[in-house]
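Here's a short tour of one protein model. Have a look at it first, then read on.

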Amino acid sequence: MFAGAWKNYRNILCVRPDNMGDVLMSQPAMRALKESVPGRKITLLTSTAGACIAPFIPEVDETIPFDVPWVKTTETNGAQRLLALAGELQALQLDAAVIFTVYSQNPLPAGMLCYLAGIKAVLGYCRENPYQLINQWVPDREPLDYVVHEVERQLRLVEMAGAETSDTRLLLKIPEETRKEATDRVWEILNVAGIRAGMRWLVLHAGVSEEKRLYPASDYITACQSLIRQGYKILLTGSGSERDYVDQIARQLSDAAINVAGELSIAELIVLVEAAPVLISNNTGPVHIATAVGTPVVVLYAMTNPQHTPWQVPSKVLYFEVLPELRTKNQLLQSFPGSSTPRASPEAIVAAVGELVSPRRKHGFFIPGPLRNPIRTCNSLPDTALAACFTPHNEYGMCPPDRCGEDV
């Protein structure tokens, strides 16, 4: 649609002011932009949370961290700082910008920022005609006509600018020296936890930034107690602010669990998840890290928006309902089918781990260095009507691009 002009654009701004997982799911689209024009530079404007993962995304040349007021954040930069940001962007002499949004987000504030920065070509989805704020407008048909995976959504957007890639994976790259330091740290953690080659173990990431996506701790404890009886050791991860919450779980699991919440750098978390036989998690950032390093995932999925499930990795998605008092007021996020299955329970978690950690997988060994070659399956699929987007997963819980989700 706009491909002709984009051949001449070398300096591109990608706007994704969300969390770490959202940035990761935009990576294939940024790769397409990068690959389609030799020498093209990608500058990423994202939140301070999203900026944490950017150093490990090889397609990103420069990152601008900024917490904008139209995305949920505890930070407030103020109006003057926002205007100053527009001036900083203008000084970069950007040729064009791409605004990445989920279908429940309004792209117009980001469009206004690009307009104030003097960026002449701005590409993005929007429901209503944005005129000069997003002058390369793609009408947003989600979720009224269909829902596709977040990765697929952004790939379709950049296709309008003539950007395509044959590699639609999520993929993280840790600098060699950083990887060595992170690997040494993970070795130390595993040794302290008493995890040795041949033993069963897994990572549980029980925390999440939004209460409505928080799976009950009591159910996690019940599931982990069953897994411990099967011989598993449990490593619990989380942010520093989640340390006390995670410790409540760890205390119920006794010596079979160790709490490292708040103790890991992003590089160390990546290496730990890469080494793990399986990750159990709420639908949050580490799920997408697991996707990027090829680790199977059991995700406890709050029934909010449906398009952020694990991408191209063996997974089991177990759904649970959001409490009525915590449900969103955004009408676009209230169409999540009530019959989504399989439903989450401690028994379902244990069964899912059993399916993913099978004799066909290397499930007991920590392998340092380039820990494991990512398992990649499942190519992108055509979009499907909304009513058909929530069929049960297959044997490995593979989630093609029309069954997905993490709330915004």
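## Ground rules

This is a predicted model, where local features need pLDDT of at least 70 and side-chain atom pairs count only at pLDDT 80 or more, while totals for chains, interfaces and linings use all residues. Residues are numbered from 1 along each chain as its sequence is written, and side-chain values use heavy atoms, leaving out hydrogens and water.

## The sheet

Six strands make an open sheet in the order β3-β2-β1-β4-β5-β6, with parallel pairing. (Strands are DSSP runs of E with at least two residues, helices are runs of H or I with at least four, and both are numbered from the N terminus; two strands pair if DSSP finds at least two bridges between them.) β3 (62–65) and β6 (136–139) stand at the edges with a single partner strand each, so one side of each has no neighbour in the sheet.

Take β2 (residues 41–46): four bridges join it to β3, and the two run parallel. Leu44 sits opposite Thr63 in β3.

## A helix across it

Helix α3 (residues 27–36) lies across β1 (11–16), β2 and β4 (96–99), at about 155 degrees to β2. Contact means heavy atoms within 4.5 Å. Axes are lines fitted to C-alpha atoms, for helices over the stretch in contact, with angles from 0 to 180 degrees between N-to-C directions.

## Leu83

Leu83 belongs to helix α5 (residues 79–91).
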